[in-house]
Amino acid sequence: QWLSDRKKRALQKKDVDIRRRIELIQDFEMPTVSTKIKVSRDGQYIMAVGTYKPRIRCFDTYQLSQKFERCLDSEVVTFEILSDDYSKIVFLQCDRFVEFHSQHGHYYRTRIPKFGRDFSYHYPSCDLYFVGASSEVYRLNLEQGRFLNSLQTDASESNVCDINPVHFLFAMGTAEGKVECWDPRTRNRVGLLDCALSSVTADTEIDGLPSISALKFDGALNMAGGGGAGQVLLYDLRSSNPLIVKDHHYGLPIKSIQFQQQLDLIISADSRIIKMWNKDTGKIFTSMEPEYDINDVCLYPNSGMLMTANEAPKMNIYYIPVLGPAPKWCSFLDNLTEELEENPESTVYDDYKFVTRKDLENLGLAHLIGSSLLRAYMHGFFMDIRLYHKAKMMANPFAYEEYRREKIRQKIEETRAQRVQLKKLPKVNKELALKLIEEEGEDQQLTRKRKQKNLPSLLKDDRFKVMFENPDFQVDEQSEEFRLLNPLVSKISEKRKRKLKILEELEAQEQEEEEEPEGKASDAESSESSDDEKGWVEEVRKQRKLLRQEEKVKRQERFKEDQQTLLKPQFFEIKEGEEFRSFKDSAKKQKLMKKTLGDRLKLEEKLGTLNVSDTTVGSKQATFKLKKSEQQKKQQEAEKQHRQERKTLRRSASHLKSKHGRGRLF
């Protein structure tokens, strides 16, 4: 408020609220006040009524703009959308008139005997039930176009009513704080709940009898009622006692009650606050306090969007991603909310410094209290940041020296962190643990420079805990595989072994002296330098030479063992149906089995038993012939001989027939 107009215009560019302001629907407002707001069943149209002058505005969500506006003769108490879209609407007005609108506009107007406060539509019978300043419930049948016999209640006046969407039970809230339930089929009262008595507890203070100001059904068995004293009572229709009594603690009548099915929440609102709480436990989920008084709350179906009608021209739209996704006509809200969560918020008071009275006394600026340079706010003052820096430099001229000492101390601590520190290494894989510690230190330095998050250490991870405890996981550095994969591991391991010796000596000194020694830089670190290309080649040659020498020694040892062992005769069993030819066949088979699949396929292709060709798709096709055993070959030769004998017999028989005619041979 105390900023100049020029400063305000400059801050508008930095203001987070202005930059994040999104106008979903164009001109989503009323001239003065909005009283009721509803969404059509197909979700395409949002309708709101308000003043002044009394009017209804319909907004098309697909076009994100206003579709039409109609002015009325008197103010609307409440209204109901009978169709899926905006084609059938009923208005209850404050002058006892009931007005019907169709798609083109005004259709019909009738009057009820007493002033109405609420009404509900009974879909099976096409009846409108009106409650108001009377003990009767008026019924208007829209199919016949006439009033039916009224329902006579025990209440002096009724405020709200609702019809259960499952079994169509009609319920009405009275001014005496009771809820009467009626069966529309028999037109008889089937239940009575005394909500006023249940809402009064030992802690509540009431001036009079609380009436029922809001009513809403949830499913077939649950019903919530809002009282005039600010309590919300959740009932199971099978019991006369409430399951939960929730107090808003404002003493204002409840204006609206909505059920959120995805998270099992109840959204209740009075003129001051909107509260969302769990219907099973009563635990508060969240609450919202708008700037202006609330007249009505509407929850967009199957989404996290909430709309309110207020005592102000602008109708508010809230989007809470936790409640559900954004509606399909504004699905871009999901991406926007994710981007807003990533960007940090900046404060409006970047150019000002908040100081207390004690800070002013330390800076020697206590005499400025009451002047235009200080703006009083809460328990302190706002002052220009430039003035604050100047005053601080004058009050403490050695601030730079202190800053310099602090920087030097930080640099010394960084160098100390690079020294060999006394760390307890595990019993198994000590060199591997030391390697991980060194790599972890290098990663931490990189993450500090790049301002990234530190990665978790393997030594502290429970999944790799056994690797440093169980001796079975000890790395065998003398194995051939390890040395071939790590040709320079010997040179690197020597440095680590030196470090391990230094650490063991430090541990021994600590046990003797029972004091923690100061960390000193080791000679190994000072002698560390990057290996050049020549040294690397020499180390690789050295490793290969050592491996060849070891293989030669092993071969000599094996040859000596073979000479010492006596050769014993071995017996082989020949399978049934096979003939023994020579040991060369078995040797050939063994050599063939040692070859790779590609070599075997090439050999089979040369012999003619296998044919490999490319297909049109780009794959390979292999055609092969199975080898036959000796027994199968003998059987085939016998069959072939038998077929030849049968052929010779047939030929001789046909020759005799042609010679002797059709007579018998014998």
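Analyst: Leaving aside residues up to four places away in sequence, E99 touches L72, I89, V90, F91, Q93, H106, Y108 and R109. The model is a predicted one. E99 lies in strand β7, which covers residues 97–101. Its relative accessibility is 4%, so E99 counts as buried, the limit being under 20%. One of the residues that E99 touches, Q93, is also joined to E99 by a polar contact of 2.9 Å between the side chains.

The whole structure holds 15 salt bridges. One of them pairs R139 with D127, with 3.7 Å between the closest N and O atoms. This pair links distant parts of the chain, since R139 sits in strand β11 (residues 136–141) and D127 in strand β10 (residues 127–132), twelve residues apart. R139 and D127 are both buried.

R189 forms a salt bridge with E180, and the closest N and O atoms are 3.7 Å apart. Here E180 is buried, at a relative accessible area of 3%, whereas R189 is partly exposed, at 36%. In the salt bridge between R386 and D384, the closest N and O atoms are 3.2 Å apart. R386 has 61% relative accessibility and therefore counts as exposed, the limit being over 50%. D384, at 23%, counts as partly exposed.

Note on methods
Residues are numbered from 1 along each chain as its sequence is written. This is a predicted model: local features need pLDDT of at least 70, side-chain atom pairs count only at pLDDT 80 or more; totals for chains, interfaces and linings use all residues. Side-chain values use heavy atoms; hydrogens and water are left out. Helices (H or I, at least four residues) and strands (E, at least two) are DSSP runs, numbered from the N terminus. Buried means under 20% relative accessible area, exposed over 50%, partly exposed in between (1.4 Å probe, protein chains only). A polar contact is a pair of N or O atoms within 3.5 Å; within protein, one must be able to donate a hydrogen and the other to accept it, and residues adjacent in sequence count only if both atoms are side-chain atoms. Contact means heavy atoms within 4.5 Å. A salt bridge is a side-chain nitrogen of Lys or Arg within 4 Å of a carboxyl oxygen of Asp or Glu.
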